[in-house]
Amino acid sequence: MQVEWNFSELNKVTKGKNNFKFKDLKITGLSIDTRTLKKGDLFCTLKGDNFDGHEFISQALKKGASCLLLSDANKVVPKIPYIKVENVLEAIEKIAVNIRKKHNAKFIGVTGSVGKTGTKEMIKLALSNIGNTFANKGNYNNHIGVPLSLAETPYDSEYCILELGMNKTGEINKLSKLVAPEIGIITAIENSHLKGLKSLKNIARAKSEILNNIQKDGCFIYNSDTNFSEELEVKAKKKRIKHIISYGKNKKADIQLINIKKMQKNYLLEVNNFGKRVFWKMPDLNEHWYINSLSILGIAKYLDLKLETLLKNLKKFKLPNGRGNLIEVKSKSKKFFIINESYNSCPVSLTAALEKFKKIKVKGKKIVILGDMKELGTSSLDFHLNLKEILDKTDISIVYTVGDQMKELSNVLPSYLSKHHFENLILLEQEIKKIIQHNDFLLVKGSHAIGLLSFVKRISGKNYDI
């Protein structure tokens, strides 16, 4: 059931001022981007350092926006319904809080240094077998995306899974306060966002802010293999969270991954689930995806859900675009493959991608394109240079690097590796099209800011969304 508000209700919730009394005007969604705006949406004119949503009002109206949420009424054509507020983002947050208070769905907040999006999508796939399930789309995991997603959670949702991202201390606390989850999940504490947070310990503190806002009698589920996992458990107990569930490969975990066995096109997972053996199938993925799938068993334990129903479709799970999905590209007389890890990169995820790439048997060449890993602070160069040992032990034929830090890595790679550095992605694209052959495998990995996602779209001809 689609979310629907009337104009006067939103005006009351946001405590705004309106130009007319459109009591019966129906609003069927919120939008901050005219490119994706749908007819009936409320267009929210957010302002940023480099943009002002008020400048897109005319486009929004042409595309069918029902009304406007704005902070500057001077830029509006007369007789257009609008709600004027002091701060548009704060108004969206008020709408989100109002929706959350009314909702009967079970809310699940997912955070962590890596694996958030994929874990959210796995949980969504599993819970969809039980009831109506909603999750924030794409990368709507920040201070704008989370309240927008909350505000658009359909009324008939029985489960809502929201991914919570951050760049600095305090952000997870604010987002999880909005979500007020019954279940909070931390997938991993790893080296990312070091530029702002400085240390792994500070990252753990920032991620653990979700513990502040898990509901009374709620549940905390965490990866016990990750850094600072014992500290996370101690914090959860101090917060008096009633249900604390751990998962991982270690024997102390409540839900332990025991074995992964290849079975034709799928892999069979054997898991010790609170003392009972559980088996299910999943596609060919990096190991950390299998580990994070264990969180679903924790959800089942807390909500008393039927495991067989939850797990039956996980063999159909597909990685979100840019997080390791395989793309088959057919070009004239040749066919080649791209492992698309272009959405983002950090030391642990890049290492996992390279280790997985090492195990793949191919008929053609193995080629890697590595872009800089961003936001690693003062240790950034060391993290990049540490990749030398991993690359030195693979059967990779050619290494292409992009970015200042990866250039330093390229300089120290052994001469027997064919290595090439590019600053210009268009020139790199031309080079790849020139050298790629039938049955070659191409691994592309780099931080989002490097632009490899657009590179993959061009080289593959696939124009998908993230």
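Rings of Phe, Tyr and Trp (its six-membered ring) pair if their centres lie within 6.5 Å; planes under 30 degrees apart count as stacked, over 60 as edge-to-face and the rest as tilted. This is a predicted model, where local features need pLDDT of at least 70, side-chain atom pairs count only at pLDDT 80 or more, and totals for chains, interfaces and linings use all residues. Residues are numbered from 1 along each chain as its sequence is written, and side-chain values use heavy atoms, with hydrogens and water left out.

**Exercise 1.** Let's classify the ring pair of F220 and Y222.

Solution.
- Step 1: A search of the whole structure gives 4 aromatic pairs.
- Step 2: F220 and Y222 have ring centres 5.3 Å apart and planes at 10 degrees, so this pair is stacked.
- Step 3: F220, at 0% relative accessible area, is buried (under 20%; exposed is over 50%, partly exposed in between, with a 1.4 Å probe and protein chains only).
- Step 4: Y222 is buried too, at 4%.

**Exercise 2.** Now try the ring pair of Y267 and Y290.

Solution.
- Step 1: The centres are 6.2 Å apart and the planes make 40 degrees, a tilted pair.
- Step 2: Both Y267 and Y290 are buried.

**Exercise 3.** How many disulfides does the structure hold?

Solution.
- Step 1: A disulfide is a pair of cysteine sulfur atoms within 2.5 Å.
- Step 2: The structure holds 0 of them.
- Step 3: For C160, the nearest cysteine sulfur is that of C219, 17 Å away; that is too far for a bond.
- Step 4: C160 is buried, at 0% relative accessibility, and C219 is buried at 0% as well.
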